[in-house]
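Good morning, colleagues. Please turn to the sequence and the structure that I am about to show.

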Amino acid sequence: MVSCFKGRFRLTSPRGWRILNGANDYHGGIDLVGLDDTTVYSICDGTVRTAYQANGAGNYVVVTMSDGRRVFYMHLASFAVTNGQSIKKGQAVGVMGNTGNSFGAHTHLELRIPGTSGESLDICEYTGIPNAVGIYEYKGEIMEHFNDIKGNFAGQDINELCEMGIINGNGNGAFEPDRAPTRAEVAALLRRTVRFITGK
């Protein structure tokens, strides 16, 4: 899972049809409220555009990815980026706010197709955040939990396996990627893999 907030956050309005001001409204993204941190972080690499829309998004940032897909961060209180800037995943784009057509401080997070169309894609599928009201937690990049895999050729594989819940580090934050596994560790890895694949 990846989120524009670090730590705990609340999803207050899922993607999909909803009643807004007494009328049916299609919500193309998800509304998130940072509980531990109100800084809004980019969920992808890309190029930044900042803008303001008085009757809608308020202060908002658009990050365009290399494939043309665009991530919108709406209702910001302030910007931490400038137009045309290149940005990396995890870098701050602004601060959560209540600008534009908003009924309380939050960030509207939305993924749109390439081009000028307003058609949205499934942001929940992209981020892994459940499309349901609730409180969730994002602990940052999984690789931050380990102090000994930087530069390791299998770093990306380790990161992805951690996201899947198949492997994890030990109590002191070390992963020891170059140490031969014990038979018990191999058994645990195989069992977790089977559980992940079959759900049993």
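I shall speak about the chain as a whole, then its nonpolar cores, and finally one tyrosine.

Please bear in mind that this is a predicted model. The protein chain contains three helices and 14 strands. Of its 200 residues, 40% are buried. The accessible surface amounts to about 10800 Å², and carbon and sulfur atoms account for 52% of that area. If we take the contacts between residues at least 6 apart in sequence, 59% of them join residues at least 24 apart.

Which residues touch the most other members of the largest nonpolar core? They are Leu 32, Tyr 73 and Leu 109, in a core of 29 residues. Two or more residues of this core come from each of β1, β4, β7, β8, β12, α1 and β14. A separate core of six residues includes Ala 51, Tyr 60, Val 62 and Phe 72.

Leaving aside residues up to four places away in sequence, its contacts include Phe 5, Phe 9, Leu 11, Met 96, Leu 109 and Ile 129.

Finally, Tyr 52, which lies in strand β6, residues 46-53. Is this residue buried or exposed? Tyr 52 has a relative accessible area of 53%, and it therefore counts as exposed, the cut-off being over 50%. Beyond four places in sequence, Tyr 52 touches Gly 58, Asn 59 and Tyr 60. Its C-alpha atom is separated by 8.2 Å from that of Gly 100, 48 residues apart along the chain.

Technical notes. Residues are numbered from 1 along each chain as its sequence is written. This is a predicted model: local features need pLDDT of at least 70, side-chain atom pairs count only at pLDDT 80 or more; totals for chains, interfaces and linings use all residues. Side-chain values use heavy atoms; hydrogens and water are left out. A nonpolar core is a set of buried Ala, Val, Leu, Ile, Met, Phe, Trp, Tyr and Cys residues joined through side-chain atoms within 4.5 Å. Buried means under 20% relative accessible area, exposed over 50%, partly exposed in between (1.4 Å probe, protein chains only). Helices (H or I, at least four residues) and strands (E, at least two) are DSSP runs, numbered from the N terminus. Contact means heavy atoms within 4.5 Å. Accessible areas come from the Shrake-Rupley method with a 1.4 Å probe; for residues, only the protein chains shown count as cover.
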